[in-house]
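Biologist: I have the model open. Can we go through parts of it together?
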Amino acid sequence: MRILKYLAWGLGATILLCLTIFYFSVRMVPPLPSSDDNISEDLERIDANQYRYGNNLLIKNHQGLWEIYLEGKPYQRGVAFGALAQHLMKEKESAFIGEIKNRIPSEKYLNFLKYLVAWFNRDLDKYVPEETLLEIYGAAAYMDDLFDYIAPKYHRSLSYHGAHDIGHALQNMNLVGCTSFATWGESSEDNKLLIGRNFDFYFGEPFSRDKIVAFYKPDSGYKFMSVTWAGFSGVVSGMNEKGLTITLNSAKSEIPTKGKTPVSLIARQILQYASNIEEAYTIASNYESFVAETFLIGSKADGKVGLIEKSPQNTALHFSDTTYMVITNHFQSKELFNDPLNQEYIDEEVSVYRYAKTEQLIDSLSPLNAKDAATILRDRSGIDNKNLGLGNEKAINQLIAHHGIIFAPEDLKVWVSCAPYQLGAFVTYDLNEVFDMSRSESPSSFQAADSLHIPADTFLLTKEYEQYEVFAKYRDLLQNFILAGKGDPFSEDELQAFENSNPNCFLTYYYLGNYYKTLKNWEKAKYFYEKGLTLEIARVSEKKHMEESLKLCLEKLNDQKNANS
């Protein structure tokens with residue numbers, strides 16, 4: 001008994017020691033604002049779509065885009081962001097947590113992941129610039145108490161800035177598949193630099209709502225704009241007052257074991273402090289990322305683009321030998337092209353296919369103007385106009401984009417897409433005017449005149465788009481049922497509606513096959529896998545999954561036949 005008592009005490013002491021080490025390892029000490037960072041402003045609600053906080057503004061324009069103007073020192077900017085957008089931050093966090101719960105149904109596993117993420121991000125604050133920590137800390141104070149059970153507000157907010165990286169690392173979740181391109185010289189209508197990109201980060205439809213066009217006037221560095229969401233200080237698409245642009249595209253990554261500098265925060269440093277490609281490369285080289293990423297840098301000063309390719313081990317700078325460049329999701333530089341993970345992703349075929357399709361469109365439309373760029377970003381077809389169905393990852397427009405964006409750096413103009421996806425109007429912003437605009441009166445919007453916008457895609461008015469909305473609704477429900485066991489089995493009418501909604505896309509049959517396999521209805525699963533395999537499949541791994549699933553169905557049907565004979 002005495003031995004058992006000592007063992008119990010020993011086990012208890014060991015557990016207590018482990019918990020103590022864990023606590024002090026994952027505990028992040030919030031940054032300390034300076035004594036002159038005192039905030040004494042009150043939030044002023046001008047109307048339902050317009051708010052003021054000191055000189056800082058939040059406006060919802062008549063196209064449905066939120067616009068925010070932030071100025072001052074880092075902590076002050078963060079507080080202003082949080083105060084102005086607190087209602088949007090609550091909606092975004094609710095959408096983010098809700099989608100995680102959709103994908104991971106087990107409360108026990110979610111609780112385990114909470115501690116795993118805390119351990120993974122234990123040193124995250126050591127890899128983030130102090131001014132960015134202060135900005136994030138200032139905004140985090142306005143996060144909702146509802147999710148305090150997950151982690152303290154500052155810890156949560158900082159961790160969310162790495163969510164983009166985790167999405168890139170988990171390529172099999174199909175969260176990302178961005179396409180970017182640039183033209184200049186003879187490939188552009190006016191010989192000036194033109195850049196277009198789709199930001200295909202999809203984490204459920206609610207997360208895609210209420211994007212924000214942010215305009216920053218920081219106390220140090222350059223004024224800049226970016227397309228973001230409430231509470232997010234990172235940059236995924238943006239341009240500064242020097243005509244330097246940055247967009248992010250994922251590359252194949254291993255699952256990281258420890259958080260370092262999130263790529264969106266590296267991009268933020270570049271946008272705020274770089275005026276040309278060489279300066280951008282120097283900044284990127286000074287940070288350690290924990291995933292592989294490409295940064296497309298457009299430069300008014302250089303009159304062209306450069307591609308910074310970054311893995312956790314290397315940083316390379318790549319230039320085009322033509323007057324255009326295409327970027328999808330594989331490395332192109334001589335330093336990183338032969339990386340085993342990059343070659344593995346090239347073998348999936350989806351990135352090189354989209355690359356070839358973008359090249360084909362540039363060739364057919366050159367010399368390009370902004371409207372041509374929008375045409376490319378909205379293209380839903382495959383190579384040689386092959387019908388891929390809707391939502392195929394081989395298409396430039398996969399109908400999942402958080403936003404599409406077009407830059408004209410030499411004119412300091414930018415076009416940002418309105419919902420849905422990149423199909424709504426591309427609203428024009430002239431940064432020459434925005435950055436010089438007086439703050440003495442509240443503008444109704446920062447956008448240029450409506451006549452300068454690129455009109456919405458007429459595809460929105462078609463029966464085909466109407467059917468895609470049916471497809472998207474049932475796709476998400478089917479995913480939740482297959483992955484998480486959520487919801488009731490679907491009726492025959494619902495399944496037929498889903499099949500009819502997108503008959504030319506392999507995904508329709510991919511999901512139906514998986515659904516019937518979950519129900520162990522091998523005959524129907526076999527039928528849908530066979531049908532899907534006749535269509536253009538995005539990834540080699542998806543085709544392999546369907547072939548292996550079909551083989552399983554045939555084996556099960558054969559077993560049933562033998563059992564009944």
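Biologist: In what order do the eleven strands of the open sheet come?
Modeller: The order is β1-β2-β3-β4-β7-β8-β9-β10-β11-β12-β13, with mixed pairing. Strands are DSSP runs of E with at least two residues, helices are runs of H or I with at least four, and both are numbered from the N terminus. Two strands pair if DSSP finds at least two bridges between them. This is a predicted model: local features need pLDDT of at least 70, side-chain atom pairs count only at pLDDT 80 or more, and totals for chains, interfaces and linings use all residues. Residues are numbered from 1 along each chain as its sequence is written, and side-chain values use heavy atoms, leaving out hydrogens and water.
Biologist: Which are the edge strands?
Modeller: β1 (43-47) and β13 (315-318), each of which pairs on one side only. From one strand to the next, the twist averages 15°.
Biologist: In what sense do β9 and β10 pair?
Modeller: Antiparallel, over three bridges, between residues 237-240 and residues 244-250. Ser237 has Thr247 in β10 as its bridge partner.
Biologist: New topic. Where is Asn392?
Modeller: Asn392 is in the loop between α12 (370-377) and β15 (403-408).
Biologist: Why does Asn392 count as buried?
Modeller: Because its relative accessibility is 0%. Buried means under 20% relative accessible area, exposed over 50%, and partly exposed in between, with a 1.4 Å probe and protein chains only.
Biologist: Which residues is Asn392 in contact with, leaving aside neighbours within four places in sequence?
Modeller: Gln398, Cys505, Phe506, Glu536 and Ala538. Contact means heavy atoms within 4.5 Å.

How values were computed
Axes are lines fitted to C-alpha atoms, for helices over the stretch in contact, and angles run from 0 to 180 degrees between N-to-C directions.
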